[in-house]
Amino acid sequence: MPSAHHSQETVMDSIYWIIITALLLLAAFDLINGVANDAVNFLNSAIGSKAAPVRVILTVASIGVLVGACFSGGMMEVARNGIFHPDMFSYHEVMLLFLGVMISEVILLDTFNTFGLPTSTTVSLVFGILGSAVATALFKISKLRLVQSVWDFINTDKAFEIVTSILLSVAIAFTVGTIVMWISRLAFTFKYQSRFKWFGCFWCGIAMTAIAYFAVFKGLKESTLMEPSFIQYIDQNLGMALLTAFGGFSVLMFLLQHLFMTNILRINRIAGTFAERQEIHRIQQVRFPHTVLAEKTIQFGGKINLHL
């Protein structure tokens with residue numbers, strides 16, 4: 001009996017190593033498909049407007065990826081317990097759950113990219129985790145004849161919040177984009193050169209401040225590389241920090257425009273590319289942890305039932 005039990009454990013360990021290897025390969029393919037999809041979305045405006053040579057744009061985007069990796073911190077929680085309750089699943093079930101997520105993610109993104117269809121890597125990831133968790137919960141309830149419902153396995157409050165945020169973000173982005181474009185058209189469409197000569201620095205200062213807020217100030221709150229006291233100081237003095245940033249960026253843009261005869265719109269577009277790549281990489285940090293997340297969940301604080 002002991003030898004049979006030991007043999008069974010050896011087989012299960014081998015299966016887990018195979019699953020982890022498969023997850024690593026799938027994660028690599030997923031990142032390739034995801035980055036290819038996002039690169040078109042976030043580099044097209046800079047390349048299409050010829051804000052800078054392609055090599056410069058790619059360099060700035062790469063720096064944005066690096067900064068995004070340093071500032072990422074909270075995205076792991078979405079995969080760990082943002083969608084489902086890890087304590088309701090066994091180790092074996094979690095491994096298969098994430099394997100299903102990665103397979104569906106790669107197939108979905110590759111299919112959409114092949115046919116040139118628009119898709120969202122974030123939406124496919126979130127709903128992939130949700131669907132895989134629901135399917136695993138239904139199978140477990142049916143097999144073990146449990147009295148719990150499927151909603152006991154799903155973190156419904158957080159999942160609803162995430163799904164609602166995704167849907168609202170589309171409407172908010174459309175509305176804000178329309179308003180900003182209307183204001184910019186109203187301000188600079190007629191007599192563009194004379195108006196932009198004196199007010200362009202303030203307009204670009206507002207844009208740079210908004211970029212700094214989302215890419216730096218907001219990112220600092222999730223960074224694990226910053227001292228908590230510094231993050232708290234920035235949070236308590238955020239209004240003054242944004243006002244200072246606006247003043248500094250406006251003066252800088254004025255000097256670049258009038259002293260160095262620089263097209264400040266190019267700088268603004270390059271900064272936007274940097275911020276976009278940083279933000280999308282912070283989102284993509286949730287992909288690679290799938291490869292080891294099931295094994296590391298206990299260390300991160302989630303309690304998984306290890307009984308197979």
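I took buried to mean under 20% relative accessible area, exposed over 50%, and partly exposed in between, with a 1.4 Å probe and protein chains only. I checked Glu161 by that rule: Glu161 is partly exposed, at a relative accessible area of 44%.

I am working on a predicted model, where local features need pLDDT of at least 70, side-chain atom pairs count only at pLDDT 80 or more, and totals for chains, interfaces and linings use all residues. Residues are numbered from 1 along each chain as its sequence is written, and side-chain values use heavy atoms, with hydrogens and water left out.

Salt bridges came next. I required a side-chain nitrogen of Lys or Arg within 4 Å of a carboxyl oxygen of Asp or Glu. I found two salt bridges. In one, Glu93 meets Lys140, with the closest N and O atoms 3.2 Å apart. Glu93 sits in helix 4 and Lys140 in helix 5, so this pair ties together parts 47 residues apart in sequence. I took helices as DSSP runs (H or I, at least four residues), numbered from the N terminus. Glu93 and Lys140 are both buried.

Lys158 and Glu161 form a salt bridge at 3.9 Å, N to O. Both lie in helix 6, three residues apart, about one turn of the helix. Lys158 is partly exposed, at 33%.

Then I looked at rings. I paired Phe, Tyr and Trp (its six-membered ring) if centres lie within 6.5 Å; planes under 30 degrees apart are stacked, over 60 edge-to-face, the rest tilted. I counted four aromatic pairs. Phe84 and Phe89 have centres 5.4 Å apart and planes at 90°, so they are edge-to-face. Phe84 and Phe89 are both buried. Ring pairs link Phe84, Phe89, Phe98 and Phe153 into a cluster.

Methods
Helices (H or I, at least four residues) and strands (E, at least two) are DSSP runs, numbered from the N terminus.
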